[in-house]
Amino acid sequence: MVKLRLTRMGCINKPFYRVIAIDARVRRDGKYLDNLGYYDPKHEPAIIKVDTEKALKWLSVGAQPSETVRSLFKKTGILQKWHEKRFVNKK
């Protein structure tokens, strides 16, 4: 099973996170399948850069986002696009 989750980068007291696609059995900072973007919570407002096409591709093949990644996708509008692609276009 593939998960979309965060991996911590940066140094002490200056963290930023990569949004990655990774096998669910691998540890937090282990080898990942694909890098989707990054999230920097230390800036005001927080910086969120995610490749929409890659995110939609991974969601379409069944990858499950973690709660934090789901909230980031909601803020950037990726979940809205995924919902429209999946449910609205079927009519």
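Guide: D23 forms a salt bridge with R25, and the closest N and O atoms of the two are 2.8 Å apart; a salt bridge here is a side-chain nitrogen of Lys or Arg within 4 Å of a carboxyl oxygen of Asp or Glu. The model is predicted, so local features need pLDDT of at least 70 and side-chain atom pairs count only at pLDDT 80 or more, while totals for chains, interfaces and linings use all residues. Residues are numbered from 1 along each chain as its sequence is written, and side-chain values use heavy atoms, with hydrogens and water left out.

D23 is partly exposed, at a relative accessible area of 22%, whereas R25 counts as exposed at 73%.

The structure holds 2 salt bridges, and K54 forms one of them with D34, where the closest N and O atoms are 3.4 Å apart. K54 lies in helix 1 and D34 in strand 3, so this pair ties together parts that are 20 residues apart in sequence. Helices (H or I, at least four residues) and strands (E, at least two) are DSSP runs, numbered from the N terminus. K54 is partly exposed, with a relative accessible area of 31%, while D34 is buried at 16%.

From D34 we can follow its strand into the sheet. Strand 3 covers residues 34-40 and pairs with strand 4, residues 47-50, in the antiparallel sense over 4 bridges; two strands count as paired if DSSP finds at least two bridges between them. A hairpin of 6 residues joins strand 3 to strand 4, and Y39 stands opposite I48 of strand 4.

The whole sheet is open and has 5 strands in the order 4-3-2-1-5, with mixed pairing. Strand 4 and strand 5 (64-65) stand at the edges with a single partner strand each, so one side of each is left without a neighbour in the sheet. Strand 1 and strand 5, by contrast, pair in the parallel sense over 2 bridges, and K3 has Q64 of strand 5 as its bridge partner.

Helix 1, which holds K54, lies across strand 1, strand 2, strand 3, strand 4 and strand 5, and runs at about 120° to strand 3.

The next step is the core. A nonpolar core is a set of buried Ala, Val, Leu, Ile, Met, Phe, Trp, Tyr and Cys residues joined through side-chain atoms within 4.5 Å. The largest one has 18 residues, of which L4, V19, L36, V50, F73 and I78 touch the most other members. At least two residues of this core come from each of strand 1, strand 2, strand 3, helix 1, helix 2 and helix 3, and the largest share, 4 residues, comes from helix 1. Leaving aside neighbours within four places in sequence, L4 is in contact with residues that include I20, L36, W58, V69 and F73.

In helix 3, I78, L79 and W82 are buried, and, seen down the helix axis, the buried residues fall within an arc of 95°, so they line one face of the helix; the arc is that of the directions from the helix axis to the C-beta atoms. What covers these buried residues includes strand 4, helix 1 and helix 2.

Conventions
Buried means under 20% relative accessible area, exposed over 50%, partly exposed in between (1.4 Å probe, protein chains only). Contact means heavy atoms within 4.5 Å. Axes are lines fitted to C-alpha atoms, for helices over the stretch in contact, and angles run from 0 to 180 degrees between N-to-C directions.
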